[in-house]
Amino acid sequence: MRPTFDRAMLIVAMCLTSLAVTPAEAIVGPRFEPAPCSFTPAADQVEGLTLNCGFVLVPENRSRPEGNWIRLAVAIFKSSTVATRPPLLLLGGGPGTVVLDTFGPIISGALAHDFTADRDLVMFDQRGVGYSQPALNCPELDDLALRTIGIHRTRDQETDDQVEAAFVCRDRLVASGIDLAAYDTAANSADVNDLRSALGYDQFDLWGISYGTRLALAVERDYPAAVHSLVLDSALPPSVNQVTDRAANAERAFRTLFDGCAADLACAAAYPDLETVVYDLVAEFNHTPANFFAQDPRTGTVYNVVLTGDRLIRTLHAALTDASLIPFAPLVAASIRAGDFTLMSQATSLLTFGGRGQSAGMFYSVNCADEVSRTSPARVFAARRTVRREIVEALSEDARLRICAGWGAGQTPRRSGAPVVSDVPTLILAGEYDPLTPPSYAEIMSRTLRNGRWFEFPGIGHAVERSSSCAHAMMIDFLAAPQLGPDARCIAEMRPPAWVIPGP
């Protein structure tokens with residue numbers, strides 16, 4: 001039976017966007033309005049840091065300044081000394097990742113000292129995201145995922161259900177007065193410049209993560225005077241297309257996993273046929289799914305989960321983004337083959353239930369404009385012809401292509417896909433195992449950044465700085481003297497993943 005969307009859930013969803021917009025006549029120019037912090041700071045933030053929070057008000061659609069204005073949720077960690085350097089602005093990924101909840105509570109202790117010793121650290125939820133108003137959340141998609149996690153559906157049914165849920169969300173957002181076409185990278189770039197002005201800064205050092213690297217380059221292109229230096233972590237060049245590349249990028253990451261295990265004597269001995277085991281399991285569970293139980297860590301609810309081969313591929317794919325999980329990947333496959341689903345249950349709790357900190361509506365508004373508008377189903381199909389069938393089927397783009405065809409996203413200017421040429425000092429970080437933004441993307445991005453260097457970090461997945469003390473130290477070193485470049489000697493001391501081997 002096809003899932004339906006109950007009335008109570010939709011009423012709650014309507015409330016989530018009730019603070020959508022403010023009439024233009026109530027506002028004079030972009031400005032900062034202090035407000036209580038929306039996230040809970042870590043305990044040592046209260047004593048060790050001065051934290052200011054609030055909203056920056058900007059036009060929803062800058063081509064219609066007489067229209068509605070929106071609020072960007074901002075947090076400013078003030079410098080612990082006299083600020084002598086430009087503030088560091090964090091640009092989150094996704095698009096649609098909630099920055100304040102994800103990063104705000106962990107900026108404390110030594111980490112806070114590193115970032116605020118001589119500068120302010122500024123974070124904000126991009127338009128349509130998290131605590132910004134309106135938030136383009138799609139609880140319909142979350143509800144669908146929870147209600148169907150224990151139901152075995154065909155791929156066509158999964159696609160149809162996802163498209164239906166997304167369009168229910170779209171209709172609700174539009175009915176609340178939101179202009180979906182106004183939420184794109186160009187608007188995000190202008191928001192950064194307005195945020196800079198409203199907070200009284202001359203320039204930013206921009207720290208972009210994943211999609212945030214593309215946004216950082218858009219700011220450098222559109223408002224170069226506002227940018228002092230760039231840290232681009234997990235590069236997403238404007239010239240590449242993740243929709244077209246997604247399956248090939250995933251296959252490269254899986255190949256890195258299989259080859260990495262084979263190159264390690266202990267891993268190769270414990271898992272001598274890892275690639276065969278993984279793809280045999282995929283075929284087996286796509287033919288005859290299994291079941292296991294997993295707990296949602298936020299609610300404590302335990303769900304019966306249907307394990308198909310597609311779900312196994314998607315779970316391992318997500319695990320390769322996280323350096324702390326990569327060493328467990330071979331053991332996950334081996335334990336499933338032995339009939340033990342304990343690790344798969346834990347991975348599902350962490351990656352499926354714990355990984356929903358994203359505003360899906362903002363993802364579609366940006367991604368449909370940036371990526372899908374610059375490709376076609378024929379190009380996506382052609383790019384996947386040489387990729388393993390198991391990966392292509394598990395990471396299908398059918399739902400995204402259909403959703404974007406009817407989402408109502410804006411039209412991206414042609415120049416948005418052109419490489420950004422710049423002399424601004426730039427540090428680019430890439431993870432060896434990253435299945436989303438591979439090291440080749442960092443190399444592509446560096447070609448036109450004439451004062452930039454890129455570095456690959458062994459054993460690391462996505463969001464490199466968060467996973468590597470070496471990358472963190474290089475970033476701090478770079479920010480202290482961008483023109484000199486970072487000390488990269490620590491990379492030579494890094495080792496491959498410390499593969500988890502079963503005991504005797």
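Which residue stands opposite Leu88 in β5? It's Leu121. You're looking at a predicted model, where local features need pLDDT of at least 70, side-chain atom pairs count only at pLDDT 80 or more, and totals for chains, interfaces and linings use all residues. Residues are numbered from 1 along each chain as its sequence is written, and side-chain values use heavy atoms, leaving out hydrogens and water.

**The sheet**
- Nine strands (DSSP E runs of at least two residues) make an open sheet with mixed pairing, in the order β1-β2-β3-β5-β4-β6-β7-β10-β11.
- β1 (31-34) and β11 (452-457) sit at the edges with a single partner strand each, so one side of each has no neighbour in the sheet.
- Strands pair if DSSP finds at least two bridges between them; β4 (residues 88-91) and β5 (residues 121-124) run parallel and have three.

**The cores**
- A nonpolar core is a set of buried (under 20% relative accessible area, 1.4 Å probe, protein chains only) Ala, Val, Leu, Ile, Met, Phe, Trp, Tyr and Cys residues joined through side-chain atoms within 4.5 Å.
- The largest one has 67 residues, and Leu206 is among those with the most contacts inside it.
- Helix α15 (residues 360-370; helices are DSSP H or I runs of at least four residues) gives the most to this core: seven residues.
- A second, separate core has 42 residues, including Leu274 and Met344.

**Confidence**
- The mean pLDDT (the predictor's confidence in each residue, from 0 to 100) is 91, and 91% of residues reach 70 or more.
- Over residues 1-20, though, the pLDDT is below 50.

Key:
Buried < 20%, exposed > 50% of the residue type's maximum accessible area, 1.4 Å probe, protein only. Contact = heavy atoms within 4.5 Å.
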